[in-house]
Amino acid sequence: MKNRSLTKGLAALAAATTVSISSAAQLLNVSYDPTRELYAAYNSAFAKHWLATTGEKVTILQSHGGSGKQARAVIDGLGADIVTLALAGDIDAIAEKSQLLPKEWQARLPNNSTPYTSTIVFVVRKGNPKGIKDWHDLTKPGMAVITPNPKTSGGARWNYLAAWGYVLKQELGDLTKLHDAAKAEEVAQAQTKARAFLTALFHNVPVLDSGARGSTTTFVQRGLGDVLLAWENEAFLVIKEFGADKFELVAPSVSILAEPPVALVDKVADKHGTRKLAEAYLQYLYSPEAQEIAARNFYRPRLDAVAKKFEAAFPKLTLFTIDEVFGGWAKTQATHFADKGIFDQIYTPTAK
Amino acid sequence: MKRTPTDMPPVAATHVRENDPRWVRATLIAITVLFLGIFLALPLASIFTEALRKGIGVYLASFRQPDAYAAIRLTLLVSAIAVPLNVVFGLAAAWAIARFRFCGRNVLLTLIDLPFAVSPVISGLIYVLLFGLHGWLGPWLNEHDLQVIFAVPGIVLATLFVTFPFVARELIPLMEEQGSEEELAARVLGASGWQIFWRITLPNVRWGLLYGVILCNARAMGEFGAVSVVSGHIRGLTNTVPLHVEILYNEYNFVAAFAVASLLALLALVTLGLKTAVEWKVRRDRAESAASREGSTP
């Protein structure tokens, strides 16, 4: 009897694996950590939309993990028809290391291929016992700051850059000075200050988890740390899941506009014969329905009408982009996060 | 310590124990109980209390989720493939090592132990480096539309690797101890190779083999590290039970996470029970065979 059910199981699994290769009505979306709830909601909405417009049933498979780790898996052969990662740099890595999609992927969809944005905010314990208001509070002695590892986590890189940009904004007042050759000396001084600030900040980090969810769990479940640096959507989710009676969101004065991009993985989709479906899946992310789903999952929508509708839901803060302050992901990655980059220089000496 | 080893009387352990002051015994027992309580009993109890926190209905509903169901099915499938293969490999390796003296025997022994020495993450990475798109065999596999890693075959391979030593390691000492006298006798009496195997070798090691299978199965179902590296974490497709527990936990779905974890805990408890029973049986068999051998020597 046991044998029979086993054979059945084997047959079912064999069927399942063949389906994943041959059927066109299946997509694999390889995504980063905090988008689980967003894509669970979006996938069912898209499946309904696709069935209504084409009469075709579609199953969307999800894989979630740290953004850098997920990119690595796609490079190593994880058959993603689409990737929806935390930052453009990770999709650049796929394009560069495995040529599965063209290098100009980011120009193929509107808004830098980012249908929704987010930013970096703070989560503190109820009542804000340490009185954390802005970035400069994080470097006070004895403050325990929870953030994931910028080497493996996309969110952590945004955290790091948000803090860096805050110092530049404080020092320079006007971020356009960064591109003004006449102000080079002033800029250099500000950059030195930013580096010292980040050194002091990471001195206050007791543990670096590998992904954003790991850090959230450390802060929320294990009760470690005074403040969690988190994606805005992750911060709202924590408050929704665990209650406003336990945690509070603190919006700093200045933060970074985080753009988590989406892309079609051309070679994989062509091999699976899913290009049309995958493209439709990505385009539908910009539809009013999808934009509302994004907003309800605490991502900032791109569509003006939807953005206006949910205006009150998001804290107001000054946002700068990675392009204006750091000159894009490729440069940022090389300067700050590559082996022996600035992060390695400022973090290693203080590591306990 | 007042006494030196030399003036310690060569007596049974029970005697020494009685000589220890009462407080020493009490402290040692207390430490042991405390240690076991903190590191075993408490976590085990917490798994079940967390799992049942919202009632038995929610607990059972956790298993009816399609993703949970798929994870359980995949775990059963993987161990159904890995365990029998390891029984065959383990028997063959143990037989070769216990019965023959050959060049490279020690190397083989070391190789069998390798999965114990290597971190499971490395075991997984080996397969990524071999079968990944940029690995040694990746381009060829890709051309022929074969998916090894981030699919079921990769998970089976990684599980096979980490569970490889369990059966062989259990059988080698047993077969060495038993010697080959009975097999030689059967050979002299004209038995064929397969007859010897089915009638003598296998029955002699059956309890040891069962013991190895139980351990091998427990590890195959519980393996996390190696499988995590090669799985790709596609829900409903390449998530095993341990990976599914991690996912549920990361989604703040604590009751379901602990409910599924309790399955693994139950598996561990059943394994422990079976292991104890088999151990007891093996010890009795060995004592019996030793006694009969002693009785037969003039």
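This report covers the confidence of a predicted model, one helix pair in chain A and the surroundings of A:Phe337.

## Confidence

The model is predicted, with an ipTM of 0.77 and a pTM of 0.81. In chain B the average pLDDT is 87, and 92% of the residues score at least 70. Over residues 1-13 of chain B, however, pLDDT stays under 50. For that stretch the model has four contacts beyond four places in sequence.

## Helices 8 and 9 of chain A

Two packed helices are described by the angle between their axes and the distance between the axes. In chain A, helix 8 spans residues 212-220 and helix 9 spans residues 232-242. They pack at an angle of about 40 degrees, and their axes lie 12 Å apart. Helix 8 of chain A is therefore oblique to helix 9 of chain A, and the crossing is right-handed.

On the side of helix 8 of chain A, the residues that meet helix 9 are A:Ala212, A:Arg213, A:Thr216 and A:Val220. Helix 9 of chain A contributes A:Glu234, A:Leu237, A:Val238 and A:Phe242. By class, this contact has five nonpolar, one polar and two charged residues.

## A:Phe337

A:Phe337 belongs to helix 15 of chain A, which covers residues 329-337. Its relative accessibility is 3%, so A:Phe337 counts as buried, the cut-off being under 20%.

Leaving aside residues up to four places away in sequence, A:Phe337 touches A:Pro150, A:Lys151, A:Arg157, A:Tyr160, A:Leu161, A:Trp329, A:Thr332 and A:Phe343. A:Trp105 is 232 residues from A:Phe337 along the chain, and the C-alpha atoms of the two are separated by 22 Å.

Notes:
Residues numbered from 1 in each chain as written. Chains lettered and ligands numbered in written order. Predicted model: local features only at pLDDT ≥ 70, side-chain atom pairs only at ≥ 80, totals over all residues. Heavy atoms only, no water. Axes fitted to C-alpha atoms, helices over the stretch in contact; angles between N-to-C directions. Helix = DSSP H or I, 4+ residues; strand = E, 2+ residues; numbered from the N terminus. Parallel < 35°, antiparallel > 145°, perpendicular 65-115°, else oblique. Left-handed = near helix turned anticlockwise from the far one by under 90°. Contact = heavy atoms within 4.5 Å. Nonpolar A, V, L, I, M, F, W, Y, C, P; charged D, E, K, R; others polar. Buried < 20%, exposed > 50% of the residue type's maximum accessible area, 1.4 Å probe, protein only. pLDDT = per-residue confidence, 0-100.
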